[in-house]
Amino acid sequence: MKTISASEIRRRLTALIKTCLVVPDREVTKKLSSLVGDTPAALAAAKLIAENNVIAETTNAFCCQDTGQAVFFVKLGDGVFCDGLREAIELATRDAYADARKSVADPLTRLNSGDNTPPIIETELVKGDVLEISFLAKGAGSENMTKLYMLTPADGRDGIIRSVVAAVEAGGRNACPPLVVGVGIGGVSETACALAKKALLRPLGAHNEREDVKSLEIELLKRINALGIGVAALGGKTTALAVNAEVCPTHIGMLPVAVNLQCHSVRHGTVKF
Amino acid sequence: MIENAKHIDLPPTPADIKNLNVGDVVYLNGTVYTARDQAHKRMALAIEHNEALPFDLDGAAIYYCGPTPARDGEIIGSCGPTTSGRMDAYTPLFIENGLKVMIGKGVRSDEVITAIKARGAVYFSAIGGAAALYKSCVVKAEPVAYPDLGCEAVLRLTVKDFPAVVSIK
């Protein structure tokens, strides 16, 4: 049994979150700086976003004012012991968001929690002495555009493509494009939703290892970029930078498909213990 | 700076608005008020009950924005636009009461589009996620109302060379 101290988790997660909230994925900035052939307004927006990301890093300013609700994906091995793991994640959230925006409120009273807690924690149990914690800052603009489709097996691959493209067409303009499109396929309803979000953690440009899923990702990206939404919804061919799909076996009578849109402020990272 | 972008002083005159084309990149200068979900809800209730509003809507510009807190010595925190569509339920009422300029991100409802066109108002899209850039465009920020709402409080901002795109007029 490997023991990991809660204080180390708190300290390292706090550092990770703070960095993520200021510096979005550098690959996105690189891509935005080198776009060609989009509409003049979209190219101007791409230039402004790239400029924004440089200002954020050089002045230590939050790249987006919506510093999000903190989402964590915890891969927890059965050979790991940590006394106070949940509390460490909560305290790291509170510490790291001390000067960020407090964006978490009661859903009915709308009373703000005041410290951006509670975080959302998704746990995956695995074998061995592994502990990996990934952080994802999820803002409302993109998260509000999430879709869940409970398709039937007869809908198949075509149904998946229709649904994902429809989700981007309906919500892409509000989700701060260019997007990373997360797609979760299979499991039960919440499995698909969690997979769609987890898919966003993948490095930009990396495909699913399964060839059939990779080919689906490539086709989806092509179809989405034919929608003409473009950077900042100002038209052109750069609506999404990537489509990341994850799959899980499902019931013989089901085909759940969830779509989670990630704005261009791609803010995530992973700490391994 | 974006080449060929027009500079607009807020509030724009009817002639200014007439000369704008959808898709134009502009730089805005002048006064805007931040207001988002909960501030809109409160202001709509105030209008309904004939109570005083935190600022005069006649000719005003509203920026849909909830900034991060200002650090010591800063004017404001990061302050990009939020999704305008969430304010659609209140916006026709605000436009009827004189609101002239809206700045936010994303699409608007048919009712809002109709109200904007009928009253000669204008909706500018700010670049979503460019919050550090917009922070650098704010030269003054003063609290106006609803401090209990935290980041959703109403602020009066003076902005300089604030980039946006003409979206509905």
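How many helices and strands does the secondary structure of chain B come to? The count is 5 helices and 7 strands, where helices (H or I, at least four residues) and strands (E, at least two) are DSSP runs numbered from the N terminus. Keep in mind that this is a predicted model, in which local features need pLDDT of at least 70, side-chain atom pairs count only at pLDDT 80 or more, and totals for chains, interfaces and linings use all residues. As for bookkeeping, residues are numbered from 1 along each chain as its sequence is written, chains are lettered from A and ligands numbered from 1 in the order in which they are written, and side-chain values use heavy atoms, with hydrogens and water left out.

Walk along the sequence of chain B and you'll read β-α-β-α-β-α-β-α-β-α-β-β. The C-alpha atoms fill a box of roughly 40 × 40 × 25 Å along the principal axes. The radius of gyration of chain B is 15 Å, which agrees with the value near 15 Å for a compact globule of 169 residues; it is taken over C-alpha atoms, and the globule rule is 2.2 Å times the number of residues to the power 0.38.

What share of those 169 residues counts as buried? For chain B it's 58%, with buried meaning under 20% relative accessible area, exposed over 50%, and partly exposed in between (1.4 Å probe, protein chains only). Of the contacts (heavy atoms within 4.5 Å) in chain B between residues at least 6 apart in sequence, 61% join residues at least 24 apart.

Now for the partner. In chain B, 33 residues are in contact with 31 residues of chain A. About 2500 Å² is buried between the two chains, and carbon and sulfur atoms give 61% of that; buried area here is the accessible area (1.4 Å probe) that two parts lose on being put together, summed over both. On the chain B side, B:Arg71, B:Ile127 and B:Leu133 lose the most area to chain A, together 22% of what that side buries.

Over in chain A, two residues deserve a look. A:Pro24 lies in the loop between helix H1 (6-22) and helix H2 (26-33), and is buried at a relative accessible area of 2%. Beyond its neighbours within four places in sequence, A:Pro24 is in contact with residues including A:Asn53, A:Cys63 and A:Arg267. A:Glu217 lies in helix H8 (residues 211-225) of chain A. Although a glutamate, A:Glu217 is buried, with a relative accessible area of 1%.
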